[in-house]
Amino acid sequence: MKALDIIHDEHRALGAVLQAFGFVLDGIRDGRFEPDFALLAAMIEYITQVPDKLHHPKEDDYLFVKMRERIPAAAALLDQLEAEHAEGARRTAALRGALVHYQGIGPAVFAEFEAAARTYLAASWSHVNREETELLPLARTGLAAQDWAEIDAAFEANKSPWSGPAGEFRALFSRIVNMVPSPMGVGASASAKG
Amino acid sequence: MSELLKLENVRAGYGDAVVLEDISFSLGEGDSLALLGRNGMGKTTLLSTLMGAARQHSGSLRFAGEDLAIVPAHARAHRGLGWVPQERDIFPSLTVEENLTVVATPGHWNLQRVYDMFPRLKERRTNMGNELSGGEQQMLAMGRALMLNPKLLLLDEPLEGLAPLIVQELLSIIRRLTEEGGMAVILVEQHARQILPLTRQALVLERGRAVYCGDSETLRADRDLLDSWLGVAAH
């Protein structure tokens with residue numbers, strides 16, 4: 001069941017960035033951090049690109065397909081998760097638009113940006129939690145060893161699954177860690193107020 | 001892979017108190033081992049025994065062909081044992097760069113390579129050790145151990161107390177270190193599932209005794225076994 005470990009690992013990495021994003025939003029709202037638009041753009045790029053380009057396609061193309069074949073009771077859940085995957089592109093476009101608006105207009109529209117970001121974060125956490133608490137336990141018990149061998153082989157065909165073809169998402173993750181203020185990241189304290 | 005470290009029936013502890021009983025395993029050059037177990041099972045004592053900070057009561061402990069029992073603790077780092085303790089132990093009154101260079105030993109790892117691995121340390125090179133955040137201190141502790149150019153790197157719970165974002169970053173760096181294979185690594189951690197994919201071998205301690213010594217992948221695949229030995233720490 002290496003595929004399950006890969007999914008857990010990717011959820012952990014994504015969750016770390018989602019958590020950091022919430023921390024940065026808190027800091028800007030409370031006046032502790034100046035808005036760092038390079039950081040906000042990097043985090044939005046990560047939480048939109050990595051799921052849509054690397055994480056969801058593996059689930060859709062291999063795990064979900066096999067679960068539909070073997071576990072009829074999972075159909076409604078899989079329909080919901082696939083719909084959430086498809087909805088992702090629309091939600092990320094809205095979030096990127098909100099950032100451009102915030103960067104252009106300034107602090108007067110921070111509340112709008114924050115609302116869009118919080119909506120995105122809540123939907124992402126909800127989706128990850130649904131997969132962790134409903135999908136993966138169902139997959140673990142409902143698929144046979146041969147099913148897992150096929151899914152694992154497909155997942156493993158992509159080495160360093162969340163790094164991206166040229167390691168670009170690995171580099172993006174490091175950039176985010178180096179920009180997010182302490183204690184969540186190791187970013188420069190100069191980016192924080194007072 | 002030629003043999004670097006070999007423990008045979010090692011019994012060790014502090015003073016007369018025995019913490020570890022009958023520990024045997026070996027590690028090749030460039031190999032990697034996850035040292036697992038619940039709190040208080042002897043993981044840190046095993047690293048302390050390798051470094052000479054705990055007392056070896058009996059058994060054999062050989063490193064690079066030499067009997068470590070006759071090598072004093074202060075000389076073990078120069079034999080090629082690099083230790084990153086839980087407390088990190090960086091020098092608070094030295095700058096980041098001084099912390100790195102004060103221990104430097106010629107070899108593959110130099111200041112430039114450490115800065116490439118930890119770009120944040122380069123940005124903070126003139127800051128004092130006590131001005132760093134917890135994540136930066138952990139990076140410095142690891143960077144400093146690399147500057148020794150050890151044959152074996154001992155990492156004692158390097159992820160403890162750090163934010164998830166930094167944990168993921170350090171896991172990625174440790175993965176690079178183990179995959180490059182230039183040095184052997186023993187990694188102590190509570191959260192088995194996060195580190196088993198990074199290491200080739202695993203050793204699980206329970207009440208000071210080894211209950212599993214073998215392939216990481218086999219252990220990782222056996223969810224029931226992991227849960228029984230490590231409980232919530234398995235995840």
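In this predicted model, strand S4 (residues 55-63) of chain B and strand S5 (66-67) of chain B run antiparallel to one another and are joined by two bridges. Within this pair, B:Arg62 has B:Asp67 in S5(B) as its bridge partner. Helix H1 (residues 43-51) of chain B packs on the sheet to which these strands belong, where H1 touches S1, S2 and S4 of chain B. The direction of this helix makes about 70° with that of S2(B).

The sheet itself is open and consists of four strands of chain B, arranged in the order S2-S1-S4-S5 with antiparallel pairing. Its edges are formed by S2 and S5 of chain B, each of which pairs on one side only. In general, the strands of a sheet pair through backbone hydrogen bonds, in either a parallel or an antiparallel manner.

Strand S1 (residues 3-14) of chain B and strand S2 (residues 17-28) of chain B are also antiparallel, and eight bridges connect them. One facing pair is formed by B:Lys6 and, in S2(B), B:Ser26. The two strands make a hairpin with two residues between them, and there B:Gly15 adopts a positive phi near 60°. A further positive phi is found at B:Asp22, a residue other than glycine, with a value near 55°. B:Asp22 is located in strand S2 of chain B. For context, most residues other than glycine have a negative phi.

Chain B contains another open sheet, this one of six strands in the order S6-S7-S8-S3-S9-S10, and its pairing is mixed. Strand S6 (81-84) and strand S10 (209-215) of chain B have a single partner strand each, so that one side of each edge strand has no neighbour in the sheet. At one end of the order, strand S9 (residues 201-206) of chain B pairs with S10(B) in the antiparallel sense over six bridges. In this pairing, B:Leu203 stands opposite B:Cys213 of S10(B).

The domain assignment divides chain B into domain 1 (3-80 + 151-234) and domain 2 (90-149). Between the C-alpha centres of the two domains of chain B lies a distance of 23 Å. Their contact draws 10 residues from domain 1 of chain B and eight residues from domain 2 of chain B. On the domain 1 side, helix H7 (residues 164-180) of chain B makes the greatest contribution, with three residues. That side comprises eight nonpolar residues, two polar residues and no charged ones.

The contact of H1(A) with H7(B) has six nonpolar, three polar and one charged residues.

Within chain A, helix H1 (residues 2-29) of chain A also packs with helix H4 (residues 110-142) of chain A; their axes come within 10 Å and cross at roughly 160°. H1(A) is therefore roughly antiparallel to H4(A), and their crossing is left-handed. Among the residues that meet here are A:Leu4, A:His11, A:Gly15 and A:Phe21 in H1(A), and A:Phe110, A:Glu114, A:Trp125 and A:Arg140 in H4(A). The contact of H1(A) with H4(A) comprises 13 nonpolar, four polar and four charged residues.

Chain A also has a cis peptide bond, between A:Ser182 and A:Pro183, with omega about 5°. A:Pro183 lies in the segment following helix H6 (168-179) of chain A. Most peptide bonds, by contrast, are trans.

Key:
Residues numbered from 1 in each chain as written. Chains lettered and ligands numbered in written order. Predicted model: local features only at pLDDT ≥ 70, side-chain atom pairs only at ≥ 80, totals over all residues. Domains from an automatic or database assignment. Contact = placed C-beta atoms within 7 Å. Nonpolar A, V, L, I, M, F, W, Y, C, P; charged D, E, K, R; others polar. Axes fitted to C-alpha atoms, helices over the stretch in contact; angles between N-to-C directions. Parallel < 35°, antiparallel > 145°, perpendicular 65-115°, else oblique. Left-handed = near helix turned anticlockwise from the far one by under 90°. Pairing = 2+ DSSP bridges.
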